[in-house]
Protein chains: 2
Amino acid sequence: MHPPYLLTDLYELTMQAGYLEHDMAGKPAVFDLYFRTNPFAGGYAVFAGLEPALAYLKDLRCSPAEIDYLQGLGLFNDRFFDYLRSFRFRGTVVAPPEGTVVFANEPLLTATGTLAEVQLVETVLLNIINFQTLVATKAARICHAAGDGEVIEFGLRRAQGPDGGLSASRAACIGGAKGTSNVLAGMRFDLPVRGTHAHSWVQSFPDELTAFRAYAGVFPDSSVLLVDTYDTLKSGLPNAITVARELREQGHELRAIRLDSGDLAYLSRQARQMLDAAGFANVRILASNELDEQVIASIREEGGRIDIYGVGTKLATAAGVGGVALGGVYKLVAIDGRPKMKVTSDPAKATLPGYKQLLRAVAPDGGYVQDVVCLQEDTLSAGATVFDPFNPMRQTRLPADIRLVDLRQTVLQDGQRTMEPEPLAAMAERCRRDLALLPQGCRRFINPHHYKVSISSRLKELRCQLIEKVTSEKEKQ
Amino acid sequence: MHPPYLLTDLYELTMQAGYLEHDMAGKPAVFDLYFRTNPFAGGYAVFAGLEPALAYLKDLRCSPAEIDYLQGLGLFNDRFFDYLRSFRFRGTVVAPPEGTVVFANEPLLTATGTLAEVQLVETVLLNIINFQTLVATKAARICHAAGDGEVIEFGLRRAQGPDGGLSASRAACIGGAKGTSNVLAGMRFDLPVRGTHAHSWVQSFPDELTAFRAYAGVFPDSSVLLVDTYDTLKSGLPNAITVARELREQGHELRAIRLDSGDLAYLSRQARQMLDAAGFANVRILASNELDEQVIASIREEGGRIDIYGVGTKLATAAGVGGVALGGVYKLVAIDGRPKMKVTSDPAKATLPGYKQLLRAVAPDGGYVQDVVCLQEDTLSAGATVFDPFNPMRQTRLPADIRLVDLRQTVLQDGQRTMEPEPLAAMAERCRRDLALLPQGCRRFINPHHYKVSISSRLKELRCQLIEKVTSEKEKQ
């Protein structure tokens with residue numbers, strides 16, 4: 001099964017056909033994928049979605065059925081259909097590995113190839129990377145709020161479509177979630193799967209105690225009992241403790257109880273006391289119900305005793321201010337070897353022209369100091385003066401003791417993969433490590449530390465030249 | 001290709017295995033799918049997602065690879081694997097047709113079958129119907145704001161995953177969008193596809209006029225020119241008008257221009273004047289850039305002259321207050337022929353027990369008066385007294401001249417479809433008609449009219465009995 005060629009905006013196809021008609025389809029072109037603001041009004045983002053994006057590029061074909069459909073639209077000619085029949089993506093892609101912590105205005109994925117092929121893939125690259133980066137970032141924020149608590153992704157039923165749920169499970173585990181309730185995601189991406197039981201289980205038995213006994217009887221070593229069907233403290237917990245005792249007599253241990261309504265901070269403190277007093281300090285407390293980073297932070301501030309947070313809707317849909325959709329864009333930065341720049345009246349929307357590198361300045365202790373975007377031919381070194389991308393008046397000097405690390409690697413060369421897919425656990429570990437090396441304050445939810453992303457002197461010069469050129473051409477008109 | 005059995009929460013599988021172990025898997029059970037609050041703080045919702053949900057149920061199988069994976073988890077026994085090998089969904093489903101306007105607390109989809117099979121499908125039914133209902137509702141709101149203007153869905157690049165984009169295109173067209181940029185959605189669901197060109201097209205040519213001429217040369221009868229790459233009023237529009245003249249000389253007409261930044265109300269008024277003055281009253285104005293129902297309403301209030309609204313992110317992700325995720329739930333309402341009810345301290349979360357009907361009271365002029373939920377065996381008629389579902393003190397009398405229409409039909413009988421899939425255009429037409437028959441004020445964005453959903457006298461009695469029973473049992477404990 002090839003990925004569908006037509007999973008794209010119509011304008012990608014009309015532009016392809018147009019370039020072909022004007023003999024421009026084969027011109028070498030370079031596009032950068034980036035976003036302009038960190039999501040969730042936060043201090044960073046976690047790059048994710050690369051592996052599914054590469055799988056898409058590598059196997060992309062236009063099927064006969066798709067060509068039939070396009071023929072029916074009456075928009076295209078035979079020259080285009082011939083082009084589609086033999087289409088393969090033969091471009092080259094550089095990108096950071098998934099789990100890398102990245103920032104606004106950094107070229108994340110750069111695609112180089114013929115104008116027609118790199119233009120086409122805009123829509124799907126944005127679709128996949130926008131969403132997975134957003135969810136991985138949301139997961140990192142939620143895990144930060146949870147401290148030593150474990151976060152499990154529970155969102156499939158509220159996700160945006162079946163695949164929305166699957167990609168969310170994947171990305172959540174890159175960002176720090178320790179498992180998912182989504183069994184297919186567990187199978188596809190080798191993630192731990194976790195679950196409890198529903199209220200309907202309790203309702204299907206004559207009473208709660210019978211229901212708990214029945215569940216524990218089938219899963220004596222992995223039961224998580226949902227205690228809020230009737231009354232959490234008066235009925236659910238006493239019944240769960242009874243079952244925990246019976247399990248222990250048979251050589252098993254109840255794994256956890258689950259709270260799913262009410263005041264979770266209060267109920268978890270009470271539950272912890274009741275469990276401890278009954279000799280079940282090992283039984284963990286799982287909580288769910290519209291959790292996100294803010295709710296979790298406030299539960300912990302109030303001394304809540306939750307060990308595992310089941311986070312559904314807000315994680316799988318990356319909800320919240322500055323969330324729901326990452327505004328990633330994909331912009332032409334060079335054609336025919338010449339750097340290109342979009343110059344608009346809004347300086348925040350002006351692009352960084354040319355084929356570029358993304359470097360990270362790392363202190364001797366390993367901590368991240370700042371990032372620098374420079375031209376490919378730049379030879380930047382410690383001590384160099386670098387500039388604010390939106391204001392050339394603002395400049396700083398890179399410390400003399402840093403080393404500069406190239407954050408990106410060639411992941412697709414002329415349409416072929418250059419390396420094996422990486423296990424998800426390695427991406428999650430990279431994310432954990434990167435987050436720990438950020439300057440303090442970057443992970444703060446409110447008014448986070450602004451991590452600096454500068455441009456090199458040569459990139460600044462090129463930008464000024466191109467702005468001047470466009471401005472003088474406008475004046476001539 | 002069968003739909004994946006494992007696209008579900010782990011707890012659905014552990015409950016299945018548990019019911020099997022306790023010889024309860026085959027008990028007849030009934031679940032209702034419904035939501036508790038209208039999305040977007042609005043006055044209604046548009047039911048969507050049924051067709052993909054039925055396709056899922058009808059073909060559901062557990063593949064050998066899925067069973068292998070489950071065996072590796074070490075949670076389940078051979079009895080369960082035997083059950084999975086022969087699993088088919090043989091349940092019965094009733095639901096309204098897609099495009100029906102529905103309300104909070106109405107049983108939308110009701111699934112009847114064995115406890116193990118109807119429990120399993122909870123997660124996917126919620127996933128599909130929650131998201132598509134939400135997007136169809138968002139589309140209906142946006143189309144309402146757009147008045148006679150056309151709405152086109154442009155959201156694939158910001159949607160939540162590839163399928164998030166596809167289902168969003170489908171649902172948006174049920175709710176009133178007239179087309180999509182997503183070509184695969186156009187092919188799969190027989191929707192009109194629409195497009196323009198990107199800024200990169202303009203940047204790939206020496207200047208804007210050359211770029212416009214090149215595009216119009218390839219698509220002389222369907223060009224929509226994006227006029228904001230350099231300067232909308234000083235460069236883009238004059239160049240577009242030049243090209244419109246050249247096209248006309250060759251016997252063609254420019255279709256539209258597209259605004260994608262700046263003050264869209266102002267720019268569209270100016271653009272309309274310039275086009276009209278140049279003799280191009282027929283050239284339409286398309287606008288895009290973070291549109292939603294509020295932005296569109298305010299553009300129209302200011303006298304904006306937009307003919308076509310390209311709505312992306314906010315439509316495809318159903319963003320906005322009370323949006324992003326529809327909080328649909330799926331609750332057990334009967335088992336073994338006995339009605340069941342979840343009684344909680346929060347009356348809004350108490351369920352409506354038993355197998356029920358969903359009726360709509362229709363006035364002689366065809367207008368919708370209110371809905372009534374009643375028991376299957378109820379014989380409700382005009383003039384009957386009906387009750388507020390959350391407060392039995394509040395009652396009303398159905399007018400004597402209404403007729404009661406059953407909103408739902410049996411769409412799956414013992415696992416078999418009872419009717420052919422309906423074309424999307426029929427669903428969109430039903431939605432359009434239903435919205436027009438609602439009481440005035442239901443479509444208002446701010447403080448909308450509250451459409452009444454009542455319960456019958458017998459359903460109210462059953463509810464009171466069950467609450468009393470649970471309460472007295474609690475007191476005995």
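Biologist: What makes Asp276(B) and Arg272(B) a salt bridge?

Modeller: This is a predicted model, and in it the closest N and O atoms of Asp276(B) and Arg272(B) are 3.0 Å apart. The cut-off is within 4 Å, so the pair counts as a salt bridge.

Biologist: Where do Asp276(B) and Arg272(B) sit relative to each other in chain B?

Modeller: They are four residues apart in helix α12 (residues 264-277), so about one helical turn separates them.

Biologist: How do you know whether Arg272(B) is buried or exposed?

Modeller: Buried means under 20% relative accessible area. Arg272(B) has 5%, so it counts as buried. Asp276(B) has 36%, which lies between 20% and 50%, so that one is partly exposed.

Biologist: Now Glu153(A), in strand β6 of chain A. Why does Glu153(A) have no salt bridge?

Modeller: The nearest side chain of opposite charge, Arg157(A), is 9.5 Å away, and a salt bridge needs 4 Å or less, so there is none, even though Glu153(A) is buried.

Biologist: What does the side chain of Glu153(A) make a polar contact with?

Modeller: With the side chain of Ser169(A), at 2.8 Å. The cut-off is 3.5 Å, so that passes. Further along the chain, Glu153(A) is also in contact with residues including Thr180(A), Val311(A) and Leu315(A).

Biologist: What makes Arg157(A) and Glu12(B) a salt bridge?

Modeller: Their closest N and O atoms are 3.6 Å apart, which is within 4 Å, so it counts. There are six salt bridges between chain A and chain B. Helix α1 (residues 10-21) of chain A gives the most to the side of chain A that touches chain B, with ten residues.

Biologist: How much area is buried between chain A and chain B?

Modeller: About 7600 Å², with carbon and sulfur atoms giving 61%. Arg157(A), Gln160(A) and Gln203(A) supply 11% of what chain A buries there, more than any other three residues.

Note on methods:
Residues are numbered from 1 along each chain as its sequence is written. Chains are lettered from A and ligands numbered from 1 in the order in which they are written. This is a predicted model: local features need pLDDT of at least 70, side-chain atom pairs count only at pLDDT 80 or more; totals for chains, interfaces and linings use all residues. Side-chain values use heavy atoms; hydrogens and water are left out. Helices (H or I, at least four residues) and strands (E, at least two) are DSSP runs, numbered from the N terminus. Buried means under 20% relative accessible area, exposed over 50%, partly exposed in between (1.4 Å probe, protein chains only). Lys and Arg count as positive and Asp and Glu as negative; His and the chain ends are not counted. A polar contact is a pair of N or O atoms within 3.5 Å; within protein, one must be able to donate a hydrogen and the other to accept it, and residues adjacent in sequence count only if both atoms are side-chain atoms. Contact means heavy atoms within 4.5 Å. Buried area is the accessible area (1.4 Å probe) that two parts lose on being put together, summed over both. Lists of a residue's contacts leave out its neighbours within four places in sequence.
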